[in-house]
Amino acid sequence: MECTDSKGGQQGSSKEDKRREDARWQRAEASIIEAFGEAVASSPLAELSVTALAKQADISKAAFYLHYRSLDELCGAFAAHLADCVADELVTSPNPLADPEGFALRLISVLGKPAFHRYADVLAANNVAGPFIDRLTERIAAQVPEEDQLSTAFALSGLMGAHRQHPDCDPARLAQIFAAAVGAR
C-alpha cells in the first residue's frame, strides 16, 4: 500500500531526518511494515520475534533496531501506517467533511475492505486501536475548520466504535448519526 510515512509526524535530529529521506531507509521501513502486517495477520504479536521479522523483511536484526526499539513500537507504527492509508483514501478534498454523510459512508466502506478488515482485530487485540483512531482523527481533523475539530474527533471515534460493535448496522443509519454529531458544535 502506498501511504503517508507512518513516522512522518515525529520530530528527530537532522541526522535522523536525513536518514529517513534515504531511499534504502524507506525501502527497509516499508519492508518491515509489510512483513509485520503479514506476520501479525496470521500470528499473535506475542508469538512474533524480531529475528523472524527481520528475515522476512530481508534486513538484519541490527537494521530492525535502527528503525524500532521493540515489537510494541513497531505495532504502534503499523497502526499509524494503517490510519494513514485510510486517511489517504478519505481525504479527497480540502474539507472532507463538507458532506458528513458521504464521508461516513466512504469511511465505513474503507473499514469494511478486506485489506483493512483483517487488521481490525489485530489492532484491538494489541491495544493499538486507540493510536489508530488518534492518528486517523488527527489526519482528518487537520482538514476541517478549527471550530469543527472537536465534533469531528468525537464523531469519528464514535463512528468507528459503533461500526466495530455493530458491524451489521445499516451504514446509512451510522452515516446519519455521524452527520448529526459533526453538525453539533
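Trainee: How does the lining of the second largest pocket divide by class?
Mentor: The lining has 10 nonpolar, 3 polar and 2 charged residues. Here Ala, Val, Leu, Ile, Met, Phe, Trp, Tyr, Cys and Pro count as nonpolar, Asp, Glu, Lys and Arg as charged, and the others, Gly among them, as polar. The model is predicted, so local features need pLDDT of at least 70 and side-chain atom pairs pLDDT 80 or more, while totals for chains, interfaces and linings use all residues. Residues are numbered from 1 along each chain as its sequence is written, and side-chain values use heavy atoms, without hydrogens and water.

Trainee: Which residues lie nearest the centre of that pocket?
Mentor: Phe116, Ala120, Met160, His163 and Arg164 do, out of 15 lining residues. A pocket is an open set of 1 Å grid points, over the protein atoms alone, where a 1.4 Å probe fits, with protein on both sides within 12 Å along at least five of seven lines; lining residues have an atom within 4 Å of a point.

Trainee: And which helix gives the largest share of the lining?
Mentor: H7, with 6 residues. Helices H7 (114–125), H8 (129–141) and H9 (149–165) are the elements that give two or more residues; a helix is a DSSP run of H or I with at least four residues, numbered from the N terminus.

Trainee: Where is Ile59 placed?
Mentor: Ile59 sits in the loop between H3 (50–57) and H4 (61–67).

Trainee: What does Ile59 contact, leaving aside neighbours within four places in sequence?
Mentor: Ala28, Ile32, Ala54 and Phe64, where contact means heavy atoms within 4.5 Å. Ile32 is 27 residues from Ile59 in sequence, with 8.3 Å between their C-alpha atoms.
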